[in-house]
Amino acid sequence: MQYLRTGWLLIWLAPAIGHTEEVYQRVEVAAPYIEMHTGPGESYPIDQVAERGEWVEIRKRRTDWFQVYTRRGRSGWVYIRQMRRTLTEDGSPLQLRSYTQDDFRERKWEFSFYGGDMDGAALLGLYGGYSFNENLSTEISFSQALGDYSSEYLFDINLLSQPFPEWTYSPFFTLGGGMIRTKPSSTLVQTEDRTDSTAHVGVGLRVYLTRRFFMRGEFRHYAVFTSRDDNEDFDQWKIGLGFFF
Amino acid sequence: MENRTRFLFLSTAALLGTVTLLPCEAAEALGDSLREELLVEPEIARREIKEPEIDAEDFEVGAYVGLMNIEDFGTGILYGARLAYHGTDAIFLEAAIGTSKAEETSYEALSGDVQLLTDSERKLTYYNLSAGYNILPGEVFLAGKYAYNSQFYLIGGIGSTRFAGDDEFTINLGAGYRLLINDWLTLHLDARDHMFESDLLGETKTTHNFELHGSLTIFF
């Protein structure tokens, strides 16, 4: 009971602890009024407005919503489109970015997770990518393939070329190498774990969705360099959802 | 006398001249420097579009604790951690990792000393990657004085579960409730079904493993 009470107290005190003296951006409303919602989303009701000529303070941003405080200390969330109709202290309109397909072309970092199929086994994983320019990027990925008789872990580094970055459905080609670790299922007669190196080629399609989201589908063909007499190869299909910066 | 008058006149003129000329020269010098200053190309700063520094908080991280029912193996305490990225006010992506421990099956409990799994095999660990959708944003009122924003969301994804020495592909589906204590602190209540194929008890079947947890997260 004591702990519970302390916990509750902590939760109530939390806003006080989190508060530090910061200088926030101040803007003057230039539109006839801007609507302040009770939460960061279209579905939250508008419970007040800030009128033309009124100065408000921008505290934080969540997705395309901005938390503003009026001089009277009341707060609300304003949508980016209305936020752009305010002026900064030097009288210029407030510049705010929302993410578009152009930003997607100029992205530096991207992260995604994916699911798919690898020679009949379920595949899942995630990757992080860095773009050198619009056409060339590099990626590191970790995947796991879960089959009936074994599970495999893959680690890959690859280079990716995107010849038509301006297309909404933009194809790409990839080439890379990595490692595969195979762990046989425990219900089978025990065989040992093994690790081999791999190389792969692939082709895929990237589609910009909205804001910072994109979708990506890909096919890869892997070659495994084993220590046994013959090398193996397999195919991998995957589809993923990601975001970029 | 004439000399004296001339001397006086000249000296006065000279004096007056110096007095009047001095500031004149000074003014001239000032004017020159001013002109020079004006001749310097005025630096017109190129107006660059600069976005003001506004603290963007699109990520949410936190820990959770709850109960997980492992099919045929009782219910154990669950611990986990989650990291989410909010892409729009409705859609978010979440990565989570959790661990729980299986109890004995009824068969093991009844038969005495039969053990189907070793102690380490009883440990269940999962990770998953899911997408969530906030369907019912709302507001909760407390004591007539406080109002908190809340969201009800649907969530589902894919992942992997390690149990009884095997990794199994797992689909998770569920729903949750998010209560925003303040601008950055959030309470969650989450119910999730983790579905994976298991052949532990002979035949292969799809097991449903239900999880109920509460969590505390922060936006950053």
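1. Start with chain A, which splits into domain 1 (19-98) and domain 2 (103-244); such bounds come from an automatic or database domain assignment. The C-alpha centres of these two domains of chain A are 42 Å apart.

2. A quick word on ground rules. This is a predicted model, where local features need pLDDT of at least 70 and side-chain atom pairs count only at pLDDT 80 or more, while totals for chains, interfaces and linings use all residues. Residues are numbered from 1 along each chain as its sequence is written, and chains are lettered from A and ligands numbered from 1 in the order in which they are written.

3. Back to chain A: it holds three helices and 15 strands. Both are DSSP runs numbered from the N terminus, with helices being H or I of at least four residues and strands being E of at least two. Of the 245 residues in chain A, 31% are buried (20 or more other C-beta atoms lie within 10 Å of the residue's own, with C-beta atoms placed from the backbone).

4. Contacts next. Two residues are in contact if their C-beta atoms, placed from the backbone, lie within 7 Å. Take the contacts in chain A between residues at least 6 apart in sequence: 44% of them join residues at least 24 apart.

5. Now have a look at chain B. Its strand 5 (residues 123-142) and strand 6 (residues 146-163) run antiparallel, joined by 17 bridges; strands pair if DSSP finds at least two bridges between them. B:Leu136 has B:Phe152 in strand 6 as its bridge partner. The two strands make a hairpin with three residues between them, and B:Ala143 in that turn has a positive phi of about 55°.

6. Strand 6 of chain B also pairs with strand 7 (residues 166-180) of chain B, again antiparallel, over 15 bridges. Here B:Gln151 is partnered by B:Arg178 in strand 7. This hairpin has two residues between its strands, and B:Ala164 in the turn has a positive phi of about 55°.

7. How do the chains meet? In all, 34 residues of chain B are in contact with 41 residues of chain A. On the chain B side, the elements giving two or more residues are strand 1 (55-56), strand 3 (75-86), strand 5, strand 6 and strand 7. That side has 14 nonpolar, eight polar and twelve charged residues (Ala, Val, Leu, Ile, Met, Phe, Trp, Tyr, Cys and Pro count as nonpolar, Asp, Glu, Lys and Arg as charged, and the others, Gly among them, as polar).

8. One last thing to check: strand 4 (residues 55-62) of chain A pairs with strand 1 of chain B in the parallel sense, over two bridges. There, A:Arg61 stands opposite B:Ala56.

Technical notes: A residue is buried if 20 or more other C-beta atoms lie within 10 Å of its own, exposed if 12 or fewer, and partly exposed in between; C-beta atoms are placed from the backbone.
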